[in-house]
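I opened this notebook to record what I looked up in the structure. The entries follow the order in which I made them.

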Amino acid sequence: MSSNKSDRDRKIAKAGPYILRVDPGRYLWCACGRSQTQPFCDGSHTGTSHLPIEVEFKASTRVAWCGCKCSGKAHLCDGSHNQLSEAKAMAAKRE
Ligand code: FES
């Protein structure tokens with residue numbers, strides 16, 4: 001997990017993945033962590049340095065969407081949430 005400039009306006013939406021079954025189609029994954037419709041974009045990234053990532057599924061699929069916004073695999077949970085400090089994880093739970 002890095003702490004570059006763009007990390008400063010990124011929020012941890014959840015200290016773990018959103019595991020959801022999705023229908024075929026296109027989805028916009030929230031990369032800024034500010035959306036109220038996690039794990040999907042609601043436009044709240046406006047004014048941040050983040051843009052949502054478009055993901056397309058051709059078939060119904062079970063997806064572990066990254067909630068911590070720190071994954072090295074973009075929208076997919078890669079376990080990076082296990083690297084979050086306890087303080088950051090607690091702050092994410094309170095928000
Ligand atoms: S929730 Fe982000 S890596 Fe698991």
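**Entry 1: contacts across the chain.** Of the contacts in the chain with a separation of 6 or more, 52% join residues 24 or more positions apart.

**Entry 2: the model and its confidence.** I noted that this is a predicted model, in which local features need pLDDT of at least 70 and side-chain atom pairs count only at pLDDT 80 or more, while totals for chains, interfaces and linings use all residues. Residues are numbered from 1 along each chain as its sequence is written. I then turned to pLDDT, the predictor's confidence in each residue, from 0 to 100. The chain has a mean pLDDT of 89, and 85% of its residues reach 70 or more. Over residues 1-5, pLDDT stays under 50, and the model has 4 contacts beyond four places in sequence for this stretch. Where pLDDT is low, the predicted coordinates should not be read in detail.

Entry 3: I took helices (H or I, at least four residues) and strands (E, at least two) as DSSP runs, numbered from the N terminus. The chain holds 1 helix and 4 strands, and their order along the sequence is β-β-β-β-α. For burial I used the number of other C-beta atoms, placed from the backbone, within 10 Å of a residue's own: buried at 20 or more, exposed at 12 or fewer, and partly exposed in between. By that rule, 25% of the 95 residues in the chain are buried.

**Entry 4: Gly 33.** I located Gly 33 in the loop between S2 and S3. Is Gly 33 buried or exposed? Gly 33 is buried, because 24 other C-beta atoms lie within 10 Å. Leaving aside residues up to four places away in sequence, Gly 33 touches Arg 10, Lys 11, Ile 12, Ala 13 and Lys 69. Gly 33 and Arg 10 are 23 residues apart in sequence, and I recorded a C-alpha to C-alpha separation of 5.8 Å for them.

**Entry 5: Pro 39.** I also examined the loop between strand S2 (25-29) and strand S3 (53-57), where Pro 39 lies. The peptide bond from Gln 38 to Pro 39 is cis, and its omega is near 5 degrees.

**Entry 6: Lys 69 and Ala 74.** I found Lys 69 in the loop between S4 and H1, and Ala 74 is placed in the loop between S4 and H1 as well. Lys 69 is not a glycine, although its phi is positive at about 65 degrees. Ala 74, also a residue other than glycine, has a positive phi near 55 degrees. Lys 69 is buried because it has 25 other C-beta atoms within 10 Å. Ala 74 counts as exposed because it has 12 C-beta neighbours inside 10 Å.

**Entry 7: Asp 78.** I placed Asp 78 in the loop between strand S4 (61-65) and helix H1 (86-94). Why does Asp 78 count as partly exposed? Asp 78 has 14 C-beta neighbours inside 10 Å, so it counts as partly exposed. Not counting residues up to four places away in sequence, Asp 78 touches Ser 71, Gly 72 and Lys 73. I also noted a C-alpha separation of 9.2 Å between Asp 78 and Pro 17, which are 61 residues apart along the chain.

Entry 8: I found Thr 61 in strand S4. Thr 61 counts as exposed because 12 C-beta neighbours lie inside 10 Å. Thr 61 and Leu 20 are 8.3 Å apart, C-alpha to C-alpha, and 41 residues apart in sequence. I then found Asp 7 in the segment before strand S1 (18-22). With 13 C-beta neighbours inside 10 Å, Asp 7 counts as partly exposed. Asp 7 and Cys 70 are 63 residues apart in sequence, with 8.9 Å between their C-alpha atoms.

Terms used. Contact = placed C-beta atoms within 7 Å.
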